[in-house]
Amino acid sequence: MGSLPAFPLGLSPKQGVNTHIDQTTLADLFKAQQNHLNFFFDHIDHSQTLAFTNALLDTAGTVFFTGVGKSGFVANKISQTLVSLGVRSAFLSPVDALHGDIGILGDRDVLVLLSKSGATEELLRLVPCARAKGARLIAVTSVEGSALSAVCDMNVHLPLERELCPFNLAPVTSTAIQMVFGDTVAIALMAARNLTKDEYAANHPAGKIGKSLIFKVKDVMRKQDELPICRESDLIMDQLVELTSKGCGCLLVVDGDHRLIGTFTDGDLRRTLKASGEAIFKLTVGKMCNRNPRIIGPDAMAVEAMKRMEAPPSPVQFLPVINDDIVLIGIVTLHDLVSAGL
């Protein structure tokens, strides 16, 4: 962590060591990793996976994950994925658990212990303490007949041909299959729980995914005094302040009942001035406005407003918002949508 030098104390690479990686070597490594992952897919016991998935699905309490080192990082990630899908889950550090944090564990909970070898000392020390709390224990390992699998209530074997590491030591394949296993089970739980897109979005309110699924036009539109409104009989030159002061780049032309008649943009102003010259002083907004503008309703999704703005034949920077009676109730601008994070 941090910015450590590639070679400490200013030392250079060993003489004679080739520090160049050619494309063929890199391609061979990716191919080898693909083969190792295919071994996992070809040999995984789906009956074990199904039992594991159902155990998580039927849990009345919380699904806790634990692990040490790289397996710990994966355990934490899987837990966070489940949380984002609305499953009660948390990561329990095996070291902290033995110093008080195990108090969070109860007899309605499941504790999933990830370990490539199934011989991780910290996890083996945790097992009797977790069992005393009444939790159901599930080992997820890659070594059959491991000590951890023998002391847990259930074991899921993740078939591992070997690590991609030339020494078969660095956990770069074992962690990959742990991640694939956990995330695939998470999606199975998502389907079994009939999670809807709206429910998923509710769990991601601050991200672009959530905003695109949650925000409606009425949540981001401008309204009332923020609207650049005029009548069709108003002279164009009398409405310049209204056109420029509201920051929408347009005028919204309405009738006496506030129904939308059309729009007049700053682009329309430039074109009218170029075509009419001094005659613009006598022209009304109604004579030059666009009477067939793109519009949208307040309950439409905000992301749909952006799509409508960007649609051919030419993009626009705003959409008037009208209700079912064509009464103007707001305006949504591209700037508003971008500012909202869409």
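This note goes through the sheet, the helix packing and some individual residues of the structure above.

1. Basis of the note. The model is a predicted one, in which local features need pLDDT of at least 70 and side-chain atom pairs count only at pLDDT 80 or more, while totals for chains, interfaces and linings use all residues. Residues are numbered from 1 along each chain as its sequence is written, and side-chain values use heavy atoms, with hydrogens and water left out.

2. The open sheet. Five strands form an open sheet in the order β2-β1-β3-β4-β5, and their pairing is parallel. The edges are taken by β2 (89-91) and β5 (154-157), each of which has a single partner strand, so that one side of each is left without a neighbour in the sheet. On average, neighbouring strands of this sheet are turned by 20 degrees against each other, direction ignored. Strands (E, at least two residues) and helices (H or I, at least four residues) are DSSP runs numbered from the N terminus, and two strands are taken as paired if DSSP finds at least two bridges between them.

3. Strand β3 and its partners. Strand β3 (residues 110-115) runs parallel to strand β1 (residues 63-67), to which 5 bridges join it, and 6 bridges join β3 to β4, again in parallel. Strand β4 (residues 136-141) is mostly covered, with 5 of its 6 residues buried; here buried means under 20% relative accessible area, exposed means over 50%, and partly exposed lies in between, with a 1.4 Å probe and protein chains only.

4. Helix α2 against α7. Two packed helices are described by the angle between their axes and the distance between the axes. Helix α2 (residues 46-57) packs on helix α7 (residues 174-192) at an angle of about 55 degrees, with the axes 10 Å apart; these axes are lines fitted to C-alpha atoms over the stretch in contact, and the angles run from 0 to 180 degrees between N-to-C directions. The two helices are therefore oblique to each other, on a scale where angles under 35 degrees count as roughly parallel, over 145 as roughly antiparallel, 65 to 115 as roughly perpendicular and the rest as oblique. The crossing of α2 with α7 is right-handed, a term used if the near helix is turned clockwise from the far one by less than a right angle. Thr 49, Phe 52, Thr 53, Leu 56 and Leu 57 of α2 make the contact with Phe 181, Val 185, Ala 188, Leu 189 and Ala 192 of α7, contact meaning heavy atoms within 4.5 Å. By class, this contact has 8 nonpolar, 2 polar and no charged residues, where Ala, Val, Leu, Ile, Met, Phe, Trp, Tyr, Cys and Pro count as nonpolar, Asp, Glu, Lys and Arg as charged, and the others, Gly among them, as polar.

5. Helix α3 against α7. The axes of helix α3 (residues 70-84) and α7 come within 10 Å and cross at roughly 15 degrees, and the two helices are therefore roughly parallel to each other. This crossing, too, is right-handed. The residues in contact include Val 74, Ile 78 and Leu 82 of α3, and Met 179, Ala 186 and Leu 189 of α7. The contact of α3 with α7 divides into 6 nonpolar, 5 polar and 3 charged residues.

6. Backbone points to check. Most residues other than glycine have a negative phi, and most peptide bonds are trans. Pro 312 and Pro 313 are joined by a cis peptide bond with omega of about 15 degrees, and Pro 313 lies in the loop between α14 (302-310) and β9 (318-322). His 258, which is not a glycine, has a positive phi of about 70 degrees; His 258 is found in the loop between β7 (250-254) and β8 (260-265) and is partly exposed, with a relative accessible area of 29%. Ile 326 likewise has a positive phi, near 65 degrees, lies in the loop between β9 and β10 (328-333), and counts as partly exposed at 43% relative accessibility.

7. Gln 239 lies in the loop between β6 (229-231) and α11 (240-245) and is buried, with a relative accessible area of 14%. Not counting residues up to four places away in sequence, Gln 239 touches Ile 229, Cys 230, Asp 234, Leu 251 and Val 285. Lys 211, in helix α9 (residues 208-214), counts as buried at 17% relative accessibility. Lys 211 and Leu 342 are 131 residues apart in sequence and 6.6 Å apart in space, C-alpha to C-alpha.
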